[in-house]
Amino acid sequence: MDGRRLSSIAIPPVVSLVGVTAILYLGQEVFLPLAVALLLTFALAPIVSALRKLSIPRPAAVILTVTVAFLCIALFSFMVASQLSSLAQNIPTYQSNIIQKVRSLKDSADSGGIFERVTQAVERVGAEMSARADQRTTGERQPLPVEIVDQQSAIYLLVNVVVPLLSPFATAGLVIVVVIFMLLEREDLRDRFIRLVGTGDLHRTTQALQDAGKRVGQYLLMQLIINTSYAVPIGIGLWLLGIPNAILWALLSLVLRFVPYIGPAISMILPLFLAIAVTPGWTTVLWTAGLFLVMELFINNVMEPWLYGSRTGLSPLAIIVAAIFWTWLWGPVGLVLSTPLTVCLVVLGRHVPQFEFLDVLFGNEPVLEPDARLYQRLLAGDPDEAADNAETILEDKYLVEYYDEIGIPALLFGESDRERGALQDGQLRRFASTALTFVEDLEDAADELREDEQGDEKPVDEDGERLELPDGEGFKLVMIGGRTELDDVAAAILAQVVEGQGAEASIESFRKLHGSRQTIAGLAEADIVVVSYLSSTPLAYARQAVRRLKRGKRGLRVGIYVPNMEEHRALDAKAISADFVATSVVEAVRLGLVKAEAVALARTTRLKPSRIKKK
């Protein structure tokens, strides 16, 4: 096999994903700082662009932005470290309150068991901490062990103690340098990425880059605003309640809210334990829990819906899965970065066909069209969920439009499966029965249709133009299925719609149309009969149905409803002696609710057998 054939072999996306995951896991010391730098670049790029609009040179704008950003990060880290140090020094003073609360729980439970063991453990820990504190205050010096250290052990100490301390500072410096160069060379990096992906589809590549930058930048900015709005009231509230180190808990809650779902819970646990330790009663503990719960409800129900005008594009399950994956891959830092990194993957799947499965798995956009989703629910025998989805769509769409755009196309899926043998007789009957139940559940929407028609409100289409549907008052119609149970469902839909226009309609099964001695109820009083066919080849059946109905009642108007007309343009009303052929529910209503003379039944010409001349 030559090199040209090897280069033409396409690697499956799943194999590529596994390979990339292995590379990221093995090279996390390199890729983790790069990922942090990339996300910081997305976050700081709008600030640099704003400074550039003020006629500030790019190098100055980049240096100023990066300096301010990392000074804020450094100040944040210093405040957290100082607060942690203060907390560590005060922990021994809280032991008495903890022991008192544990004893109160023990007394309230009126049993020795676990509470007694917990109390003894807390007392032992407190005694040990008190002894060490007293030792530090009295200044007593214990004899120190003497150890002879040679030159080799000194080098070992240097490598194992000093180098690990320098590693975080080296990583921070690397991130700063990479962010500066990414901001300085942002346009050049964009062009190189486009050239690497390919210049054959510049529109798609440009859209992917803009989408990724917009989503990640907006997510980080909005999350920072939301977290700050959450942390400031938390800090003030804890300070008013007398919780020590309130600034520390506010700063930690600001950072931990970047961790999806579990971050707010973790930020609440530590102040609750401290509230137990610093006060003898339970009032402060309850107020602390109430403070966090009220703020969480306010942020989730007010701030986030208001500020998240552009969502991340991730489903809730995808956020959880992403948090687990990135935590396994890169530890706690990966947990914080999980959401923005997964947003980038979803954008990649949305614009690159080879990785479309990422958008399907993690995106929040519906992966099934409404008609396919309706067909799947009806096929699963779940008319209730189908009706719930339909009612949601009917808030913005009219009933007639819903049937034309979603309901009938879902039935056409079933008819297609029936014709190719995927739906057997039993499955077909169950599907049709579920579909009829679904249509009956939408009767409330049909009642609203009647109310709207009686008032001034008229249905409108997607273009805002009114759907002028005729008044059905005084009309009597019979709706009949053409060949199968699915045609009966289409007949029920037509009956429901024309009844919404004020007409009287009855429904008959397709078996009445083809039975030799079957009588069709209501045919004598009917003005119009509409026969529904979902089949792609209804010509012969429609011709025979029209003949039988017109022979059964003279002057009867007979229409054919065929939504699958695009598959067979040969069905002509004149050729089969029908009064009209409709391809949509709206057209069937407009042509059916009309006072007109019935089309006469065309005579058939019988061919006489020709004489056979013998030679």
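Select Thr41 and Ala37. A polar atom of the Thr41 side chain lies 2.7 Å from the backbone oxygen of Ala37. Keep in mind that this is a predicted model. Thr41 sits in helix α3, which covers residues 28-53. Is Thr41 buried or exposed? Its relative accessibility is 7%, so Thr41 counts as buried, because buried means under 20%.

Next, select Ser55. This residue lies in the loop between α3 and α4, the latter being residues 58-90. Phi of Ser55 is near 70°, a positive value in a residue other than glycine. Ser55 has a relative accessible area of 66%, so it is exposed; the cut-off for exposed is over 50%.

Jump to Ser577. Here, too, look at phi. The value is positive, about 65°, although Ser577 is not a glycine. Find the loop between β4 (557-561) and β5 (580-582); Ser577 is in it. Buried or exposed, then, for Ser577? At 3% relative accessibility, Ser577 counts as buried.

Now go to helix α11, residues 262-278. How far apart are its end C-alpha atoms? They are 25 Å apart. With 17 residues at 1.5 Å a residue, the helix should span 24 Å, so the two values agree. Colour the buried residues of α11, among them Gly263, Pro264, Ser267, Met268, Leu272 and Leu274.

Move on to helix α16, residues 383-393. Select Pro383, Ala386, Ala387 and Ala390, which are buried. Turn the view to look down the axis of α16. The buried residues fall within an arc of 100°, so they line one face of the helix. What covers them? The cover includes α15 (370-379), α17 (399-419) and α18 (425-441).

Last stop: zoom in on Tyr403. Setting aside neighbours within four places in sequence, Tyr403 is in contact with Ile408, Pro409, Val439, Leu442, Ile493, Gln496, Val497 and Val585.

Terms used:
Residues are numbered from 1 along each chain as its sequence is written. This is a predicted model: local features need pLDDT of at least 70, side-chain atom pairs count only at pLDDT 80 or more; totals for chains, interfaces and linings use all residues. Side-chain values use heavy atoms; hydrogens and water are left out. Helices (H or I, at least four residues) and strands (E, at least two) are DSSP runs, numbered from the N terminus. Buried means under 20% relative accessible area, exposed over 50%, partly exposed in between (1.4 Å probe, protein chains only). A polar contact is a pair of N or O atoms within 3.5 Å; within protein, one must be able to donate a hydrogen and the other to accept it, and residues adjacent in sequence count only if both atoms are side-chain atoms. The expected span of a helix is 1.5 Å times one less than its number of residues. Contact means heavy atoms within 4.5 Å. The arc is that of the directions from the helix axis to the C-beta atoms.
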